[in-house]
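Have the structure open and follow along.

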Amino acid sequence: MKKILAIGVLTTTLMFGANVSKAEQVITMQGLESAMGMIQKGFLRDNPAIMKLGVDSLKEKLVSINSFVIEKSVMDGENFDAKQYAQKEVQNITILADKMLKDFEEGDKASARETYDKTLSQCMACHTTIRK
């Protein structure tokens, strides 16, 4: 009887643990989306302060990406480490965000906009690769 009860408790704990992880992932992604929206508002309002808030928020939310459970997989016959790929993308997006803010603050808004587009492309590429 105790074994059945223990198995039930263990199963329930694992199920709820998986749901919390999924909820955390959703919250992280919503935060990243919101940060990109804030950056876009900075462009639309031509306001460096809003742009800086968005970039800071983006960089803060990118740290949360490490909480994702991403396992290695075999992709096209090769070992593909999705977690390592995601961490590399976090570094790339952070560099792009800093460059975008620097260009915007220096008045080179065309270059800042190009960097925003590259950042958004990096986001979409990561989603495409990881979510297969």
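Lys 99 counts as partly exposed because its relative accessibility is 37%; on this scale buried means under 20% relative accessible area, exposed over 50%, and partly exposed in between, using a 1.4 Å probe and protein chains only. You'll find Lys 99 in helix α3, residues 82–105. Helices here are DSSP runs of H or I with at least four residues, strands are E runs of at least two, and both are numbered from the N terminus.

A quick word on the ground rules: this is a predicted model, so local features need pLDDT of at least 70 and side-chain atom pairs count only at pLDDT 80 or more, while totals for chains, interfaces and linings use all residues. Residues are numbered from 1 along each chain as its sequence is written, and side-chain values use heavy atoms, with hydrogens and water left out.

Back to Lys 99. Setting aside residues up to four places away in sequence, Lys 99 touches Ser 111 and Thr 115, where a contact means heavy atoms within 4.5 Å. Ser 111 is twelve residues along the chain from Lys 99, and their C-alpha atoms are 9.1 Å apart.

With 34% relative accessibility, Asp 98 counts as partly exposed. The C-alpha of Asp 98 is 9.1 Å from that of Asp 56, a residue 42 places away along the chain.

Lys 83 is another α3 residue, and at 23% relative accessibility Lys 83 counts as partly exposed. Between Lys 83 and Ile 65 there are 9.3 Å from C-alpha to C-alpha, with 18 residues separating them in sequence.

So what does α3 itself look like? This helix has 24 residues and spans 34 Å from first C-alpha to last, close to the expected 34 Å at 1.5 Å a residue; the expected span is 1.5 Å times one less than the number of residues. Its buried residues include Ala 86, Glu 89, Val 90, Ile 93, Leu 96, Ala 97, Met 100 and Phe 104. As a rule, an α-helix has 3.6 residues a turn, so residues three or four places apart point the same way. After α3 comes Gly 107, with a positive phi near 90°.

Now zoom out. The chain has four helices and two strands, running α-α-β-β-α-α from the N terminus. Of its 132 residues, 29% count as buried. Among contacts between residues at least 6 apart in sequence, 62% join residues at least 24 apart. The chain exposes about 8,900 Å², with carbon and sulfur atoms supplying 59% of it; these areas come from the Shrake-Rupley method with a 1.4 Å probe, and for residues only the protein chains shown count as cover.

Which residues have the most contacts inside the largest nonpolar core? They are Ile 39, Phe 43, Met 51, Leu 58 and Met 100, in a core of 18 residues. A nonpolar core is a set of buried Ala, Val, Leu, Ile, Met, Phe, Trp, Tyr and Cys residues joined through side-chain atoms within 4.5 Å. The elements giving two or more residues to this core are α1 (2–44), α2 (48–63), α3 and α4 (109–130). Helix α3 gives the most, with six residues. Beyond its neighbours within four places in sequence, Ile 39 is in contact with Met 51, Gly 54, Val 55, Leu 58, Met 100 and Tyr 116.

A search of the whole structure finds two aromatic pairs. Rings of Phe, Tyr and Trp (its six-membered ring) pair if their centres lie within 6.5 Å; planes under 30 degrees apart count as stacked, over 60 as edge-to-face and the rest as tilted.

| Pair | Centre to centre | Angle between planes | Type |
|---|---|---|---|
| Phe 43 and Phe 104 | 5.4 Å | 85° | edge-to-face |
| Phe 43 and Tyr 116 | 5.7 Å | 70° | edge-to-face |

Phe 43 lies in helix α1 and Phe 104 in helix α3, so their pair ties together parts 61 residues apart in sequence. Phe 43 and Tyr 116, the latter in helix α4, are 73 residues apart. Phe 43 is buried at 15% relative accessible area, Phe 104 at 2% and Tyr 116 at 4%. Phe 43, Phe 104 and Tyr 116 form one aromatic cluster.

The charged end of Lys 109 sits over the ring of Phe 104, 5.4 Å from its centre, and Arg 113 lies over the face of Phe 43, 5.7 Å from the ring centre. A charge counts as over a ring if NZ of Lys or CZ of Arg is within 6 Å of the ring centre and within 35 degrees of the ring normal.
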